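Here are a few exercises to work through with the viewer open. Try each task before you read its solution.

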Amino acid sequence: MFRLLNVSGRSALEVDGAWYDLARLSGDDTLADPMVAVGRSDELHGLTDRCASATPDGRVADADLGAPVPRPRQVFAVGLNYADHAAESGMEVPPAPLTFTKFPSSIAGPTADIPLSGELVDWEVEIVAVVGRACSHVRLEGAWDVLAGLTLGQDVSDRLVQMTGTPPQFCLGKSFPAYSPIGPALVSIDSLADPSDIALWCDVSGERMQDSRSANLIFSVPTLVAYLSSICPLEPGDLIFTGTPDGVGMARGRFLKEGDVVVSGAERIGELRNACIAGQGPFQP
Ligand code: ZN
């Protein structure tokens with residue numbers, strides 16, 4: 001079991017609310033880079049055991065947390081992967097995972113501010129699968145084994161950019177800076193009682209907007225890994241945003257505004273807390 005953090009840009013392990021600098025703990029400076037740590041996730045179980053006899057470097061509550069996977073090579077995201085969300089969107093459930101890209105420049109830490117790109121910016125809480133080893137054509141029954149673990153993400157979405165034109169423009173509308181906050185920890189699969197059934201929720205300025213469980217995914221995490229890896233070879237640190245449950249702003253007629261605080265949570269993974277600030281809209285061609 002392990003919980004991998006990014007503390008001030010360096011890999012750290014979390015045990016009982018304390019954090020331990022991974023390079024210091026292991027004596028291996030290369031492990032300071034969170035991307036290296038994600039690619040060597042097998043070693044993190046044993047290093048976590050070492051924390052019991054080591055001195056912590058600080059309390060997680062006081063730490064400056066960054067994205068546990070700060071520079072993913074590929075960021076996949078899946079649309080309409082909960083039936084209730086497809087229904088509130090007035091869309092049919094797709095016959096195969098409806099996949100788009102969140103460009104990696106949109107990745108941010110668990111407490112990053114979100115600069116709003118317009119008047120129609122929306123929230124989407126999602127479980128995020130983190131690839132742990134290079135793989136392709138992964139079989140369904142081996143799919144959990146290629147993952148380093150799971151984390152939590154917000155698929156922040158500018159609906160105006162997304163829905164302008166036919167067909168719609170998913171990738172860019174979901175890729176403004178800080179539109180992909182993730183964290184607070186990358187949690188190993190064996191830390192989760194049932195990795196296929198995790199409670200997740202989203203509060204906007206204190207109001208519960210989304211409340212579901214990942215057991216409601218139409219295409220499960222193993223199915224997404226098998227499907228995506230059959231087309232795109234996967235690399236350590238690649239992310240899969242697995243889709244959002246119902247309760248998004250577009251269905252409520254309520255969008256994010258300056259001063260809103262988005263709190264996204266998942267059982268055993270933790271919470272993201274992102275404040276909305278003034279941002280810049282896109283160039284109008
Ligand atoms: Zn989404």
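**Exercise 1: a proline in a loop**

Pro167 sits in the loop that runs between α5 (159-163) and α6 (170-173). Bear in mind that this is a predicted model.

Task: find which residue is joined to Pro167 by a cis peptide bond.

Solution. Start with the loop between α5 and α6, where Pro167 lies. Then check the bond: Thr166 and Pro167 are joined by a cis peptide bond, with omega at about -5°. Now look for another case: Gly183 and Pro184 are also linked by a cis peptide bond, and omega is about -5° there. Pro184, though, belongs to strand β14 (residues 180-187).

**Exercise 2: the zinc site**

Task: work out which residues coordinate the zinc ion, and whether Glu124 is buried or exposed.

Solution. First, pick out the donors: Glu124 (OE), Glu126 (OE) and Asp155 (OD) coordinate the zinc ion at 1.9 to 2.0 Å. Next, write down their spacing along the chain, which is E-x1-E-x28-D. Last, turn to accessibility, with under 20% relative accessible area as the cut-off for buried. Glu124 has 5%, so it is buried. Glu126 comes out at 0%, so it counts as buried too.

**Exercise 3: around Ser214**

Task: describe the surroundings of Ser214, and name the residue whose backbone oxygen lies 3.5 Å from a polar atom of its side chain.

Solution. Then list contacts, skipping neighbours within four places in sequence: Ser214 touches Tyr82, Ile127, Pro195, Ser196, Asp197, Ile198 and Leu200. The backbone oxygen in question belongs to Ser196.

**Exercise 4: the largest pocket**

Task: how many nonpolar, polar and charged residues line the largest pocket?

Solution. Begin with the volume, about 250 Å³. The lining includes Leu160, Phe176, Gln169 and Pro282. Sorted by class, the lining has seven nonpolar, four polar and no charged residues.

Key:
Residues numbered from 1 in each chain as written. Predicted model: local features only at pLDDT ≥ 70, side-chain atom pairs only at ≥ 80, totals over all residues. Heavy atoms only, no water. Donors = N, O, S within 2.8 Å, 3.2 Å for Na, K, Ca; no water. Buried < 20%, exposed > 50% of the residue type's maximum accessible area, 1.4 Å probe, protein only. 1 Å grid on protein atoms, 1.4 Å probe; cavity = no way out; pocket = protein on both sides within 12 Å on 5 of 7 lines; lining within 4 Å. Points joined across faces, edges and corners; volume = space filled by probe spheres on them. Nonpolar A, V, L, I, M, F, W, Y, C, P; charged D, E, K, R; others polar. Polar contact = N/O pair within 3.5 Å; in protein donor to acceptor, adjacent residues only side chain to side chain. Contact = heavy atoms within 4.5 Å. Helix = DSSP H or I, 4+ residues; strand = E, 2+ residues; numbered from the N terminus.
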